[in-house]
Amino acid sequence: MARGGFPGIPGGNMQQLMRQAQKMQQQMMQMQQELDAREYEGTAGGGAVACKVSGKRQLLSLTIQPDAVDPDDVEMLQDMILAAVNDALKKGEETREAEMNKLGGGMGGMF
């Protein structure tokens, strides 16, 4: 075995492997910050209810069209609000997962 080498690691250079891991960590931290800063919009009821959430999974805004408010059917409005918020959160989570997977693919699935 070469000095400082490890079987199965191309070139066997531990310092290079460590540099790659540090670079990957920095990229992941940067990506995390970028994803946290993004906003995602969700809608329900054909746009009767819309909301925005942050990448940090915080509800930023909620818009309800006046015609969506029926005092005799509050449950439907509640369902639309839940659907809109969940839609926005799902979009954010799918984006986060896809972006992080792009980074993780470069290390052979280590992360």
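Two strands count as paired when DSSP finds at least two bridges between them. Keep that rule in mind as we walk through this predicted model, starting with a pair that meets it. Strand 1 and strand 2 run antiparallel and are joined by 6 bridges. To see one place where they face each other, find T43, which stands opposite A50 in strand 2. The two strands form a hairpin with 4 residues between them, and in this hairpin G45 takes a positive phi near 60°.

Now let's step back and look at the whole chain. Of the 111 residues in the chain, 25% are buried. The chain exposes about 7,900 Å², and carbon and sulfur atoms supply 52% of that area. How much of the contact pattern links residues 24 or more positions apart? Among contacts with a separation of 6 or more, such pairs account for 49%.

Return to strand 1 and follow its residues along. Which of its residues sit on the covered face, and which on the uncovered one? Y40, G42 and A44 make up the covered face, while E39, E41 and T43 make up the uncovered one.

Next comes strand 2, where you can find S54. Is S54 buried or exposed? With a relative accessible area of 9%, S54 is buried, because buried means under 20%. Leaving aside neighbours within four places in sequence, S54 is in contact with D36, R38, Y40 and L60.

Let's move on to helix 2, which covers residues 74-104. It has 31 residues and reaches 45 Å from its first C-alpha to its last, close to the 45 Å expected at 1.5 Å a residue. Its buried residues include L77, M80, A84, V85, A88, G92 and R96. An α-helix has 3.6 residues a turn, so residues three or four places apart point the same way. What covers the buried residues of helix 2? The cover includes helix 1 (14-37), strand 1 (39-44), strand 2 (49-54) and strand 3.

Not counting residues up to four places away in sequence, V85 touches C51 and L59. The C-alpha atoms of V85 and E41 are separated by 8.3 Å, although these residues are 44 apart along the chain. The second stop is R96, a residue that is buried with a relative accessible area of 8%. Beyond its neighbours within four places in sequence, R96 is in contact with Q32, L35, D36, G55, K56 and R57. D36 is also in contact with S54.

L62 is found in strand 3, residues 59-64. At 38% relative accessibility, L62 counts as partly exposed.

Technical notes:
Residues numbered from 1 in each chain as written. Predicted model: local features only at pLDDT ≥ 70, side-chain atom pairs only at ≥ 80, totals over all residues. Heavy atoms only, no water. Buried < 20%, exposed > 50% of the residue type's maximum accessible area, 1.4 Å probe, protein only. Contact = heavy atoms within 4.5 Å. Areas by Shrake-Rupley, 256 points an atom, 1.4 Å probe, with all protein chains shown as cover. Expected span 1.5 Å × (residues − 1).
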